[in-house]
Amino acid sequence: MTTTAVTENGAALALDGVSRAYGRGAPALDGVDLVVPRGRFVAVMGRSGSGKSTLLRCAAGLERPTAGRVRIGGTDLATLKAAGLTRLRRDRIGFVFQSLNLVSALNVRENVTLPLLLAGAREGRALDARALAGLDAVGLADRAEDRPENLSGGQRQRVAIARALVNEPEVVFADEPTAALDPVTAAGVLALLRRAVDERGRTVVLVTHDPVAATWTDEAVFLDRGRIVGRLDRPDETAVREALGAHAETGRHLAVAR
């Protein structure tokens with residue numbers, strides 16, 4: 001296993017000693033340090049309960065950490081009040097979730113323009129052209145006037161990616177975006193995220209349990225019991241499976257010891 005050492009210079013995302021506890025139980029995150037440079041595709045992996053989704057929520061400003069700090073670009077999220085966090089998530093972050101969160105009352109084009117309208121953009125040809133360009137990038141310009149329910153699961157996920165990228169965010173957070181898709185459709189979605197990094201310079205943080213999905217990324221980061229326990233540069237499927245198995249076995253030994 002190789003380890004990548006990076007500094008916070010040029011970082012799109014930095015977590016410094018981030019912990020998150022719920023009640024009196026063991027913390028969901030325990031002193032996590034993580035730096036993601038701009039233009040990098042990173043997978044966050046681990047067994048169920050390892051802290052993956054909690055890390056994403058803290059990193060995206062959806063939850064406040066119990067301790068430590070999170071920065072998007074040069075902005076320390078701890079310095080922002082609720083309204084400031086809302087603006088940051090709206091203007092500087094993109095989200096792609098398994099649940100999609102597309103608005104059924106809107107057509108595909110309107111779903112893509114929604115983040116721009118919420119940010120204060122005016123409706124009109126320029127806005128529509130921007131949405132259509134985003135849809136063209138994911139191969140769905142011809143479905144712009146359809147409702148989401150008329151699309152396949154993979155097509156809806158591609159709409160979600162177009163929406164996540166339309167405001168040119170500093171970081172895109174993707175939480176298990178391919179979990180409900182067949183392998184071929186999942187590969188197409190991951191290829192779009194890969195292109196967003198390679199061709200558009202976006203930074204993508206992918207939470208996944210899938211070793212195949214991790215092979216599309218530049219680096220895999222492994223969590224166990226709320227701590228980072230390993231990293232892989234240019235992960236391949238065999239190495240990821242071995243790492244996940246090793247960390248799961250370590251976690252079982254720790255559980256027995258306690």
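1. Overall size. With 258 residues, a compact globule would have a radius of gyration near 18 Å, and the chain has 18 Å, which agrees. The radius is taken over C-alpha atoms, and the globule rule is 2.2 Å times the number of residues to the power 0.38. Along its principal axes, the C-alpha trace spans about 60 × 40 × 35 Å.

2. Basis of the note. This is a predicted model, in which local features need pLDDT of at least 70 and side-chain atom pairs count only at pLDDT 80 or more, while totals for chains, interfaces and linings use all residues. Residues are numbered from 1 along each chain as its sequence is written, and side-chain values use heavy atoms, with hydrogens and water left out.

3. Secondary structure and contacts. The chain has 8 helices and 10 strands; these are DSSP runs numbered from the N terminus, helices being H or I of at least four residues and strands E of at least two. Among contacts between residues at least 6 apart in sequence, 68% join residues at least 24 apart. Contact here means heavy atoms within 4.5 Å.

4. Burial and surface. Buried residues make up 49% of the 258 residues. The term buried means under 20% relative accessible area, exposed means over 50%, and partly exposed lies in between (1.4 Å probe, protein chains only). The chain exposes about 12200 Å², of which carbon and sulfur atoms supply 49%; these areas come from the Shrake-Rupley method with a 1.4 Å probe, and for residues only the protein chains shown count as cover.

5. Charges. The mean positions of the 35 positive and 31 negative charges are 6 Å apart. Lys and Arg count as positive and Asp and Glu as negative, whereas His and the chain ends are not counted. Each charge is placed at NZ of Lys, CZ of Arg, CG of Asp or CD of Glu.

6. Asp33. This residue lies in strand 2 (residues 29-37). Asp33 is partly exposed, because its relative accessible area is 45%. Leaving aside neighbours within four places in sequence, Asp33 is in contact with Leu15, Asp16, Gly17, Ile228 and Arg231. Ile228 is 195 residues away along the chain, yet the C-alpha atoms of Asp33 and Ile228 are separated by 7.8 Å. A polar atom of the Asp33 side chain lies 2.6 Å from the backbone nitrogen of Gly17. A polar contact is a pair of N or O atoms within 3.5 Å; within protein, one must be able to donate a hydrogen and the other to accept it, and residues adjacent in sequence count only if both atoms are side-chain atoms.

7. Thr203 and Arg40. Thr203 belongs to strand 8 (residues 203-207) and counts as buried because its relative accessibility is 1%. Beyond four places in sequence, the contacts of Thr203 include Ala12, Val36, Gly39, Arg40 and Val172. A polar atom of the Thr203 side chain lies 2.9 Å from the backbone nitrogen of Gly39. Arg40 itself lies in the loop between strand 2 and strand 3 (41-45), and is buried, with a relative accessible area of 18%. The side chains of Arg40 and Asp233 are joined by a polar contact of 3.3 Å.

8. Two residues with positive phi. Most residues other than glycine have a negative phi. Glu176, which is not a glycine, has a positive phi of about 50°; Arg234, also not a glycine, has a positive phi of about 45°. Glu176 is in the loop between strand 7 (171-175) and helix 6 (183-200), and Arg234 is in the loop between strand 10 (227-233) and helix 8 (237-257). With 16% relative accessibility, Glu176 counts as buried, whereas Arg234 counts as exposed at 72%.

9. Ala196. This residue is placed in helix 6 and, at 2% relative accessibility, counts as buried. Not counting residues up to four places away in sequence, Ala196 touches Leu165, Gly201 and Arg202. Ala196 and Phe41 are 155 residues apart in sequence and 9.3 Å apart in space, C-alpha to C-alpha.

10. Phe95. Strand 6 (residues 93-97) holds Phe95.
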